[in-house]
Amino acid sequence: MTQAQPKTRTSIAFRLIVAVLLVELASAALVILLSFGYERHTHFRAFDVMLRGRADSVLGAVQDAEDAEDNVMLDLADLHVPPEDVYEVWDGRGRMLGRSPNWPGSSGITVPKTDGMFPLELNGRHYRLLRLRGSRIVDPGEPGGGKLRPVTILYGAPTERVWHAIRSVVEFYAAASLLLLVISGPLIAWMLHRGLLPLRQLAEQAGEVSAHSWEFSPPASARETPELAPLTQALESTLQRLERSFAQQKTFVSDAAHELKTAVAVAKSSLQLLNLKERSTTEYRAGLEQCLADTQRLEDLVAKMLTLARVENGPSAVPATARCDLAGCVRQAIAQLRSVATLREIHVAFDGPDSCPVPLAEDDCALVVENLLMNALQHSPKGSAVSIRIADQNDAVLLSIKDHGEGIDPRVRPFIFDRFYRGDPSRTRSTGGAGLGLAICRAIVEKAGGSIALQSKPGEGTTVNVHLPHA
């Protein structure tokens with residue numbers, strides 16, 4: 001099996017240089033083409049004016065023949081034309097009055113029938129031919145102002161000099177354009193190399209970032225460059241998020257290992273204690289029940305860790321089809337935890353609509369409500385009350401759960417939603433918590449586009465406010 005050849009990589013600077021040079025080359029070709037058209041038009045316009053002037057001089061050489069029929073003749077005595085030019089003169093009766101010595105005759109060329117300019121090839125040379133019709137007045141002193149005699153003139157001149165002048169101008173423009181390309185090429189390369197220096201410096205700084213070193217100090221030139229400033233900000237924010245994610249992952253692994261180690265150690269100590277000596281059937285049954293309780297606690301911890309991993313590592317947003325009734329979930333949670341509330345003599349009051357659709361999966365919604373309600377019940381004194389309220393607020397749904405417990409210390413409040421965090425670790429065994437419930441709630445709510453926050457004062461209780469968008 002043949003190996004795929006690696007693709008050749010070209011730098012941005014090289015591609016920009018090639019693109020600019022191609023644009024310059026196309027511009028030079030366009031300038032040359034336009035200069036050719038302009039010079040051709042200008043030179044041939046001047047050439048046509050010269051040709052018409054020489055033809056007028058030939059017309060001026062047509063004189064009265066002084067014969068009985070009052071014909072005209074071509075007087076060559078005062079006619080001076082370049083020897084390379086050709087001409088032929090005819091009167092109105094079709095009689096030829098004269099022609100240049102190098103004129104090939106009517107049999108050698110095709111005589112145009114209309115007035116104007118025409119191309120002509122004569123003896124291997126290219127001419128431009130003018131057909132001009134004029135008139136001469138014979139005996140202007142006679143009564144009636146004389147007689148009018150029409151005259152037709154064919155006059156041509158070679159065009160080599162015109163084309164030579166045009167080529168000279170076009171060659172000058174071509175040489176100037178080529179010189180400009182030769183000069184501008186290295187200059188463009190140097191300017192692009194210097195202009196891309198902030199990008200290279202930014203890449204060098206970003207390349208030094210690793211999982212062990214998150215220090216990223218973008219150069220000032222990258223921040224001050226309008227095209228690189230958004231990229232610099234995006235890199236900074238991305239690396240900050242990655243650093244937080246790595247820190248959270250390390251903390252999560254460390255905390256998870258500690259929690260699992262503690263749970264396993266508790267279960268192991270229960271078995272070791274049971275195995276120290278011979279025990280009665282009742283003692284063995286009590287010991288096994290304790291081991292089962294320890295195992296159940298370990299299973300609950302693993303289940304919560306899996307739930308948190310599912311929520312955080314799932315799709316970045318809740319599916320558009322996800323929809324459930326928040327009010328129904330609240331009523332179901334109250335019914336499921338009624339026994340807990342009864343044992344603690346806590347009254348649970350609910351104030352809300354009959355139905356309140358939110359963009360959450362039913363299982364996730366139930367998990368959020370049950371966790372928050374369980375926290376409120378666990379941290380409320382006997383004989384107190386927990387109130388739950390659902391209301392519309394600022395185009396969102398507000399779920400509020402308020403207890404009258406001991407409250408939360410302001411020093412620990414910023415960390416209350418962190419994974420495995422517990423403000424009072426001594427309550428772990430009494431409440432059964434592992435510090436994952438609020439972290440799971442925040443992950444579910446934020447994925448749905450909502451927010452969750454705590455309001456608490458020590459000794460006055462805690463209120464959890466959950467804002468969710470309407471379904």
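**Sheet notes**

I took helices (H or I, at least four residues) and strands (E, at least two) as DSSP runs, numbered from the N terminus. I counted two strands as paired if DSSP finds at least two bridges between them. For Leu 398, the bridge partner in E14 is His 467.

The model is predicted, so I note that local features need pLDDT of at least 70, side-chain atom pairs count only at pLDDT 80 or more, and totals for chains, interfaces and linings use all residues. Residues are numbered from 1 along each chain as its sequence is written, and side-chain values use heavy atoms, with hydrogens and water left out.

I then traced the open sheet of five strands, E9-E11-E12-E14-E13, and found its pairing mixed. Strand E9 (347-351) and strand E13 (451-457) are at the edges with a single partner strand each, so one side of each has no neighbour in the sheet. Neighbouring strands here are turned by 15° against each other on average, direction ignored; axes are lines fitted to C-alpha atoms, for helices over the stretch in contact, and angles run from 0 to 180 degrees between N-to-C directions.

I also traced an open, antiparallel sheet of five strands in the order E4-E3-E7-E6-E5. Its edge strands, E4 (96-99) and E5 (116-122), each pair on one side only. Six bridges link E3 (residues 86-91) and E7 (residues 147-158), which run antiparallel. Val 86 stands opposite Gly 156 in E7. Helix H1 (residues 12-60) packs on this sheet and touches E3, E5, E6 (125-138) and E7, contact meaning heavy atoms within 4.5 Å. The direction of H1 makes about 40° with that of E6.
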